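Colleague: I would like to learn how to read a loop residue and a strand pairing. Please take me through one case.

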Amino acid sequence: MITEGGKAAIRDLINTNYTKMKIGNGGDSTNPNASDLDVPLVSATTSNTTSGDTAIDFKGTFTGSDIAGQTIKEIAIFNTAETIMLGRISIDGFGPLASSDSIDIIITMEIQ
């Protein structure tokens with residue numbers, strides 16, 4: 001069992017070192033051995049906020065000019081160098097997006 005102090009330390013480590021979000025339009029199921037999105041489109045630096053001792057909100061903002069005409073089907077969180085993928089979510093697609101659109105994507109992760 002991880003102690004509450006340990007959970008907070010893990011949260012802080014992830015919060016500090018995982019600051020990139022990528023979006024893509026791949027559609028495969030999530031594989032724990034994957035190291036990137038199936039079809040990456042663009043990445044953004046996240047603004048991370050913590051809540052309580054165990055939760056992190058990763059917020060990525062993407063402009064339509066970077067993803068115009070695309071349907072977003074996958075989202076992932078990466079370390080700052082974009083070399084380690086922390087987690088990937090495959091979603092029902094949304095889009096296509098116009099070049100004048102802007103979207104915020106927020107992923108909440110809780111250490112348990």
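Modeller: Start with threonine 54, found in the loop between strand E3 (47-51) and strand E4 (55-63). Strands (E, at least two residues) and helices (H or I, at least four) are DSSP runs, numbered from the N terminus. This is a predicted model: local features need pLDDT of at least 70, side-chain atom pairs count only at pLDDT 80 or more, and totals for chains, interfaces and linings use all residues. Residues are numbered from 1 along each chain as its sequence is written, and side-chain values use heavy atoms, with hydrogens and water left out.

Colleague: Is threonine 54 buried or exposed?

Modeller: Buried means under 20% relative accessible area, exposed over 50%, partly exposed in between (1.4 Å probe, protein chains only). Threonine 54 has 13%, so it is buried.

Colleague: What does the side chain of threonine 54 make a polar contact with?

Modeller: A polar contact is a pair of N or O atoms within 3.5 Å; within protein, one must be able to donate a hydrogen and the other to accept it, and residues adjacent in sequence count only if both atoms are side-chain atoms. Here the partner is the side chain of glutamate 110, at 3.3 Å.

Colleague: Which strands pair with E5?

Modeller: Two strands pair if DSSP finds at least two bridges between them. E1 (residues 20-24) runs antiparallel to E5, with 5 bridges. E6 (residues 85-94) is also antiparallel to E5, through 6 bridges. Take alanine 76 in E5: it is the bridge partner of lysine 22, and its partner in E6 is arginine 88.

Colleague: How many residues of E5 are buried?

Modeller: In E5 (residues 72-78), 6 of 7 are buried.
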